[in-house]
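Visitor: Could you take me closely through one part of this model, the place where two of its chains meet?

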Amino acid sequence: MSTLYSFHGGIHPPENKQQSTGRPIGTPPLPARLYLPLNQHLGNPATPCVAVGERVLKGQRIAKADGAVSAALHAPTSGTVTAIAPHAYAHPSGLAETCIVIDADGRDEWQPRQGFPLWQSTEPAEVRRFLRDMGVVGLGGAVFPTSLKLASTHLDTLVINGAECEPYISCDDLLMRERAADIVSGIAIVVRLMQPKRVLIGIEDNKPEAIAAMRAACAGSDYQVVAVPTKYPSGGAKQLIRILTGIEVPHGVRSTDLGVQCFNVGTVYTVARAVEHGEPVISRIVTLTGAVARPQNVEALLGTPAAELMAWAGQAPNSDGVIMGGPMMGFKLADTAAGLTKAGNCLIASSAELFPPRPPAMPCIRCGECADACPAELQPMDLYWFAKAKNFGKAQERNLFDCIECGACSYVCPSQLPLVDYYRFAKSEIWAAERDKKSADRARTRHEFRQFRIEREKTEKAQRLAEHAAKTAAPQATLPTPTPVATDKPAEDKAAAIKAAMERAAALKAAGSATPAVQSEDAKQAAIRAAMERAAVNKAAREAAKEAGASSAAPAPSDDAKKAAIQAAMERAAAQKAARGAASLGLPETPAAPIVPNNVLDDAKKAAIQAAMARAAAKKAEREASEAGQQAQPAAPAAHALDDAKKAAIQAAMERAAARKAEREHAEAAPADKAPTAPAPGPATLDDAKKAAIQAAMERAAARKAARDAEQHRPPQDKDS
Amino acid sequence: MSGLLLALAIMAALAVLLGAVLGFASVKFKVEADPLVDKIDAVLPQTQCGQCSYPGCRPYATAIAAGEADINRCPPGGEDGIHKLAELLGVDYKPFDEGAAQPKPKSVALINEELCIGCTLCIQACPVDAILGSAKQMHTIIASECTGCELCIAPCPVDCIRMVPVGTTLKNWKWDYPVIPIASIPTKAA
Amino acid sequence: MHSPHIAKPTTVSVIMLKVLAALLPGLIVYVHFYGIGVLVQLALATGTALLAEAAMLKLRGLPVDFFLRDYSAVLTAWLLALAMPPLGAWWLIVVATLFAIVIAKQLYGGLGNNPFNPAMVGFAVAIVAFPAQMAQWGSPTVPLHELEQLAYIFTRQLPPGAALDAVVSATPLDFLKTQLLLGDHSVPELLARPLYGHVAGIGGEWIALGYLVGGLFLWKQRLIPWQTPLAMLAGLAAVATPLWLYDPLHFANPLFHLAAGATMLAAFFIVTDPVTAPTTPRGRLIFGFLVGVLTYVIRVFGGFPDSVAFAVLIMNIAVPFIDHTTQPPVFGAKRKGGSA
Ligand code: SF4
Ligand code: SF4
């Protein structure tokens, strides 16, 4: 006999189980029409695999599992699929859900049943797939696909949950009393799949018959049937694991990580039926109780409308509704036309006598009763306070999501506060906020990417136009333009590569990598800047080419145009290089980037200073050039003006070269240097690089403008002269 | 005299000590603040609809941060959004202007695929690239990416796009704020 | 209406009524020793409290009837009346009660929202504003005739021939303090006087016993936690014992302190007030202990002889902080394996 542990809190509500345990499991009449929601389990709803009008046999699969976290659905009886449409659904929201509607033909004709006789020798994964296709899910209430829960092996303890702690419910009790042998063969299958060291079957001590039946069925095996003290919610998986093994499974941790797994007796029963008899989950034991004439347990087909079951049990006329589940955690059916689901362990006809409305609520008096009752060891009054004030962050900090919504706190609260309602509200608000945030983030990324794309397309267009212009200008001006065009080609390829890289970075960012995101952001900006610059350069080149074309007669200006074109090409190259540097820095694939010696930083600073100086010089040149132009316009000889413009252009070019060199040095140093001696923060380097790039770009722009201005002033003079 | 000196000494010591504690705290517990624009942008719903009269959420965020725009310009953000902005910026809540665009339930655009002529105009209008299709081919909207900005409706030459309210589904259904027959809600009873 | 669909029938009213019932043993002993004046005070306080509460509820637009029936105002009134001098002037208790209900309770948001224990606020205001009145405790040894007591409370007229000194006297705590300050007597000497009975004053010790009985009843009913009362008594004893051992001539023995004044009343009925005490188990221990320590410190070294009110109020301020820092670990957060 193993030692028992206790869990904190818990309550002892009136059990009210004896009403429904007096009769054996009954079989209600075959309903005329069954409503089978596709969403009877946790995870993705099943996908229908029958068509409206199709005749189905009992046990035939009518919807298949969609992905791993899903389970199949089968026809509970033979008949015709008459609709696949929204219908009342057993859910607290009262929302309709897509159901497969089957009109029974009354013949209840099975399809050939195929078990899985070789379960002892086949791969466990095969058996798990089989179970998923047989629609086996946890019948304790969580309806989690069982195939997934079976996935770990070499457990320490397998816990079989027969505690059934909620008042009124007795379906597991009756199942254990009447079908213990099947349960035990189910356990054997689970044991084969999971190979636990020991098997503990926990049953609350208020079910002596069930304990006796299970003990008898387990005779000869080493499964231990353990009577656990009656206390709500000892039937919670975590609580039962704690009681039987002493292990507390924290929130967000899988119990298998701690060597334990827990299955409901109803679940292992369906496992046995599926594997040994080839019967998918098409029915379940459900307790019909409350304000009914004949409270009892029945084996009801899934999809049977709740109203029909209640009518069969003799729902009292004064009953005002039907609760699905127990009185602690169940919910009132918004529409009793809803079909029975795999989660439906109990249907209680409620009435004002059985469930009198709560007295009006008072303010919380901080009596601490709720904290004493909470099995999750929370401080429910604080959670209530935060949830009420919609201070969800605080509520989460106080472990709101550890709450198992057992209702114990609400049950004991002398102020009659519906505490759990507040927790459910807070939880769903938090989930909604997370969903909204996710979609907003996605929208933001997509929007930013779109803007980047538009920018890029513009640039590309401009580039194409420039190329075109350069090509057409070349023969007219008889200039050796092939050079710029030739450099353009590989440059374009490079640009394409960079773009691809940047897109990769953006995609990575979308994927949610935090630090790389910042870097790729920078890279992206740098790229956009580079692209803009390219556009400007191209425009300059185009203008220059046009100029050249217009004044093809004069040799001197064509010289200038050539120079301008060469400059433009060089600038393009530099810009691309800068962009490449930035991009490679930003790419998450180069983890060397963050490790940069300080002298690189210094270099970057120097480059920045140089660039600034160059910028100043360029401005001066520009001023001079424009002044020269103005002066030249009325009287001065063309040669003079040209000379000045040339000088300005040369000056600017030299300065540009210097700036470019600094920039290049820096750009190369950053990714190339992998010496891990002096770790400097990557972002800082990037920042400096960015600054340097910006300044260099501005400087280049200024120089270009100067050149253009000079050119603009010239043509009239040329014509004049 | 010595009492006075002692008192002074104690006060001075206290001042130094508390100063040190404060200094330490300000270093130790320093909060790295996002730039304001980012924070505002994070609150905005990213619908990118331009109903605020700015060409997208970020420009609006920038305008708010610069003090150029009111916080009540974003209908998709709803009242909640205004409350959040008010809280973030430490200003008073301000309802939507009368006559200005009002919040409405979230919808997504739907293209009537029979009518679509494949003109790509809507693709160009969509701020989040949620429309798929190419010239002369039927277009379709990726509902999960659609922000409901309605910017694609006007450009469509054949008026084949309409907004479909998202509605409540099991996925986005929320528990209500508990309304309890609490006796301490004064006005309700009256 | 959502789950759970069932609830325990306990309500706030039931709890308050049980607490009132638990006060009865102490109250009966009190009346036995001090006469009908106690009941007059009780009636005055209850009436004032109910009227004040009703008026405030009406002003706040709340259902008067519903909230009056939670009996929390009555409890406050009783606690206050039990802490005030039995022969105090009628207006004294009325003012104190008004303060307790109007300011300390309703203006802070009513039941469940008041950070300070209302009864203790009322008491503190009275003792600060009317120290002389508050120092005139009834004398258990020379009780007046019932009517004379009534007359004295309402008119401050003593029957002819009765000397004020014989009718009212300082509380044992007060007396001890002043005598010690005068420096003429040592503690054992003083405690040997008839005023001090067996342990802590004629009547006083028995009244304390009455409260203890009531408190144990509450604890058995699971209406108060064990942590706060025990911690408070322990806190008091923890300071009293070493000092007494160190200098028995100047410091009274711990038993005296446990039985004297409002110690027992406070331990079982005041620090256990759920609204103004911490909700975490560890928090309750800390809170109770510090109330005990402060009670002693203020009693012996401070300016007021009965200091429970101040100790409680000071600790009330710290409750949110205590709660915040003593959050118990949640299920699964502390132990793997665990104990049986
Ligand atoms: S049981 Fe109710 S009144 Fe008591 S502390 Fe919890 S929420 Fe407050
Ligand atoms: S419903 Fe949540 S807070 Fe309340 S007792 Fe259960 S686990 Fe604790």
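Guide: Across the interface of chain C and chain A, the rule finds one salt bridge, a term that stands for a side-chain nitrogen of Lys or Arg within 4 Å of a carboxyl oxygen of Asp or Glu. The partners are C:Asp323 and A:Arg366, whose closest N and O atoms are 3.1 Å apart. This is a predicted model, in which local features need pLDDT of at least 70 and side-chain atom pairs count only at pLDDT 80 or more, whereas totals for chains, interfaces and linings use all residues. Residues are numbered from 1 along each chain as its sequence is written, chains are lettered from A and ligands numbered from 1 in the order in which they are written, and side-chain values use heavy atoms, with hydrogens and water left out.

The contact, meaning heavy atoms within 4.5 Å, takes 44 residues from chain C and 58 residues from chain A. Between them the two chains bury about 4100 Å², 57% of it on carbon and sulfur atoms, where buried area is the accessible area (1.4 Å probe) that two parts lose on being put together, summed over both. On the chain C side, C:His5, C:Ile6 and C:Phe331 lose the most area to chain A, together 20% of what that side buries.

Turning back to the salt bridge, C:Asp323 and A:Arg366 form it, and the elements of chain C that give two or more residues to the side touching chain A are helix H1 (12-34), helix H3 (64-68) and helix H17 (308-325), with helices taken as DSSP runs (H or I, at least four residues) numbered from the N terminus. Of these, H17(C) gives the most, with three residues.
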